[in-house]
Amino acid sequence: MKQTGKKYQEPRIRVAEFRAEDMVYVATVRSPVSKGVLKSIHIPHLPRDYRSITADDIPGSRSLEAFGHKVPILASGRLSYKGEAVALIVGPNPERLSEAVRLTKVNAEEEKGEFDFERFSSARVLARHTVQYGDVELALSVAHTIVEGEFRTGPLDHCYPEALGAAAIFDYDKLIVYTSTQWPFHVRAQVASVLKTRAEDILVKPTALGMHLDGKLWYPALLSCQAALAAFICRKPALLMLSREEDFRHTPKRAPMLVSYRAGLDSGGKLLAVDSRIMINGGSYGVLSDELAQRSAAAALGSYACPNIHAQSFAVETNLPPLGSFSSIGINQTLFGIECLMDQCAQTLDMDPLEFREMNLLGKGSETASGIRKKNIPFKRITERLCALSDFRRKRSSSELVRKRRNDPGSPPGRGIGFAFASQSGTGFHPGGSGVNISIEVTLDKESRVLIRSSSVPETPGTLEIWKKAAGDIIGAQIDRIAIKEIDTDSVPDSGPSSTSGTASLITRLIESACETIRTKRFREALPIIVRKTYRHNAKNKMFPGEDDSWAGAVVELELDEYTGQPKVLGAWMVVDAGKILSTERAHATVSNGIVNALSQIRFEALSLENGMPDASAFRRYRVARLRDAPPITVEFVGNEPKEQSGGIGDLAYAVIPAAFANALGQAMDMTWQTDSVRTPRIGIKP
């Protein structure tokens with residue numbers, strides 16, 4: 001692995017900033033078919049200093065391992081989706097590379113692709129998971145009321161601040177890899193495997209993440225392997241940067257899901273039974289399919305208690321790029337379904353939606369699949385404050401009177417207001433069954449300076465300031481005496497995959513625990529004092545929700561345009577109970593940005609994968625919310641007690657805002673949100 005060091009410009013923020021002497025660029029040759037067999041690749045004559053790379057040139061493993069599934073570095077033989085990488089062309093001029101890719105002919109024996117995930121054979125099941133207790137069919141047979149609902153959530157693009165990419169360069173005895181990744185140690189392990197070398201020979205330095213919505217858990221490792229392969233074979237620094245259109249068309253998207261419910265209620269409105277079936281479009285290769293199936297099934301009942309439940313999830317293989325990774329990785333899409341269903345049940349029984357939820361809420365002592373709950377859910381504290389801020393009860397009663405007195409069924413009543421309630425895990429994302437632990441290290445040196453080491457990559461620099469403040473408050477050190485070690489895989493412990501779903505708060509807890517240990521040892525042991533703390537995830541599946549969750553309620557108010565019928569959001573309110581808030585300003589900004597993004601996803605970001613990979617026109621049509629689209633937003637935190645642990649908040653807006661919007665739209669249109677469009681509800685009431 002030893003190479004001569006090259007002068008180069010290290011990218012501090014963006015991978016695209018990477019520059020080096022004798023640098024080569026990497027372009028990708030892609031499959032022209034969604035499914036088939038690769039027969040041959042005809043690459044045009046390449047000038048000097050240019051070369052092509054195929055799977056046969058890989059010195060080590062030809063596939064990347066991600067969460068228990070394998071993805072080809074460069075496909076050979078079977079082709080699984082249109083746009084799959086089959087070869088690389090490397091050279092010093094990006095324009096010539098683009099021309100070479102355009103002239104390359106990929107011959108494939110095409111087969112009919114599979115894109116439907118709602119109807120499938122057992123051979124296409126990537127993963128399945130079942131949560132069951134009680135006798136659902138018996139309870140449904142004696143239920144007074146049965147409410148049914150189907151809720152579809154479509155694919156979404158992550159809209160990264162920078163298109164995905166990776167750079168690789170030899171620096172004497174190390175190959176340095178730069179990429180924007182949530183898990184630097186996963187990148188290191190996969191690059192070492194592909195190049196057939198020791199992990200210690202690879203040094204990964206992550207660039208800025210920006211808002212990633214859990215889309216950079218594993219895919220940056222694939223691009224890093226390709227860039228490292230080019231650097232290794234050409235013996236030159238290499239940069240692989242996807243264009244915005246390539247990123248949109250070929251990288252993972254949120255997995256489309258269909259969540260269907262049958263809920264049985266007694267005459268008083270208590271849940272007797274819930275039968276849920278969840279279908280997940282896993283795309284090709286099944287990356288994260290196990291996690292999607294487990295997490296979505298575990299979240300099928302949300303925050304509610306029911307003595308009889310059957311929730312079964314299926315992740316289904318299709319001939320699309322790998323799908324799945326998005327904020328919460330499956331949980332929020334199931335929460336969308338259950339929160340819409342709760343409104344539907346309340347409407348069927350002509351009950352207040354908040355009272356119906358409170359009646360069926362998990363309480364202290366409730367028995368779940370993971371045991372007995374030890375804490376009450378702060379539903380009343382959140383809803384009382386939320387109703388005061390949004391005037392929810394008065395506005396909803398007014399809109400209900402208008403809805404019920406409507407004479408013309410074809411004309412919308414105009415306004416609606418919706419509510420949703422959900423939680424976020426306090427311990428973040430953990431790859432199921434992989435044995436991944438999360439470690440940090442804190443050092444108090446001889447000059448009483450504090451150094452924090454972690455490979456957790458925060459979305460914003462503000463998180464680093466929160467970690468410094470937490471350490472300073474415990475040890476009694478000034479902020480300017482506390483430093484966060486710059487991340488590289490040689491000098492920090494493996495902190496596992498960073499995620500929006502609570503990893504930052506878990507790292508904060510580990511830092512606080514390490515600092516508490518240092519405080520007890522400070523005047524008893526000689527400096528430096530080095531303390532490492534590790535969170536070991538229990539591989540046993542934990543029934544949702546947990547004891548260390550954060551909680552939030554949301555209200556969205558909207559009106560329909562008189563002429564177009566399009567909804568206009570008049571206001572959005574969120575009240576959050578996330579325990580101790582270390583920085584109210586930054587927490588407020590995180591939740592507010594989440595509200596804007598969640599509204600953008602449900603209102604504007606339409607994308608269809610029914611017929612395969614999105615084309616260039618879909619890329620041009622895809623729209624995110626503009627500044628003028630943002631409604632008035634109110635965010636408030638409750639339960640901010642010094643003795644409480646701090647919980648995660650990055651997923652909360654995505655868990656509650658879409659369902660609150662859908663429930664408001666359902667009231668405004670006097671219809672029930674059943675899919676991506678509004679359809680008449682299927683409700684069966686026993687006589």
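Which residue in S29 is the bridge partner of valine 576? I looked this up before anything else, in what is a predicted model, and I found that the partner is phenylalanine 637.

**Entry on the sheet.** I then followed the strands around that bridge, and I noted that strand S28, residues 567–577, pairs with S29 in the parallel sense over five bridges. Both belong to an open sheet of four strands, which I wrote down in the order S22-S27-S28-S29, with mixed pairing. At its edges I found strand S22 (415–424) and strand S29 (633–637), each of which pairs on one side only.

**Entry on H11 and H12.** For helix H11 (residues 462–475) and helix H12 (residues 503–521), I recorded axes that come within 9 Å and cross at roughly 25°. Among the residues making the contact I listed Trp467 and Ile474 of H11, together with Ile507, Ile511 and Arg519 of H12. Sorted by class, the contact of H11 with H12 has ten nonpolar, two polar and three charged residues.

**Entry on H13 and H15.** I turned to helix H13 (residues 584–603) and helix H15 (residues 652–669), which pack at an angle of about 45° with their axes 9 Å apart. That angle makes H13 oblique to H15, and I noted that their crossing, too, is right-handed. The contact includes Val591, Gly594, Leu599 and Arg603 of H13, and Tyr654, Pro658 and Phe661 of H15. By class I wrote down ten nonpolar, three polar and one charged residues for the contact of H13 with H15.

**Entry on the whole chain.** Last, I stepped back to the protein chain, for which I noted 15 helices and 32 strands. Its C-alpha atoms fill a box of roughly 80 × 70 × 50 Å along the principal axes. I also checked the radius of gyration: a compact globule with 687 residues would have a value near 26 Å, and the protein chain has 26 Å, which agrees.

Conventions. Residues are numbered from 1 along each chain as its sequence is written. This is a predicted model: local features need pLDDT of at least 70, side-chain atom pairs count only at pLDDT 80 or more; totals for chains, interfaces and linings use all residues. Side-chain values use heavy atoms; hydrogens and water are left out. Axes are lines fitted to C-alpha atoms, for helices over the stretch in contact, and angles run from 0 to 180 degrees between N-to-C directions. Helices (H or I, at least four residues) and strands (E, at least two) are DSSP runs, numbered from the N terminus. Contact means heavy atoms within 4.5 Å. Ala, Val, Leu, Ile, Met, Phe, Trp, Tyr, Cys and Pro count as nonpolar, Asp, Glu, Lys and Arg as charged, and the others, Gly among them, as polar. Two strands pair if DSSP finds at least two bridges between them. The radius of gyration is taken over C-alpha atoms; the globule rule is 2.2 Å times the number of residues to the power 0.38. Angles under 35 degrees count as roughly parallel, over 145 as roughly antiparallel, 65 to 115 as roughly perpendicular and the rest as oblique. A crossing is left-handed if the near helix is turned anticlockwise from the far one by less than a right angle, and right-handed if clockwise.
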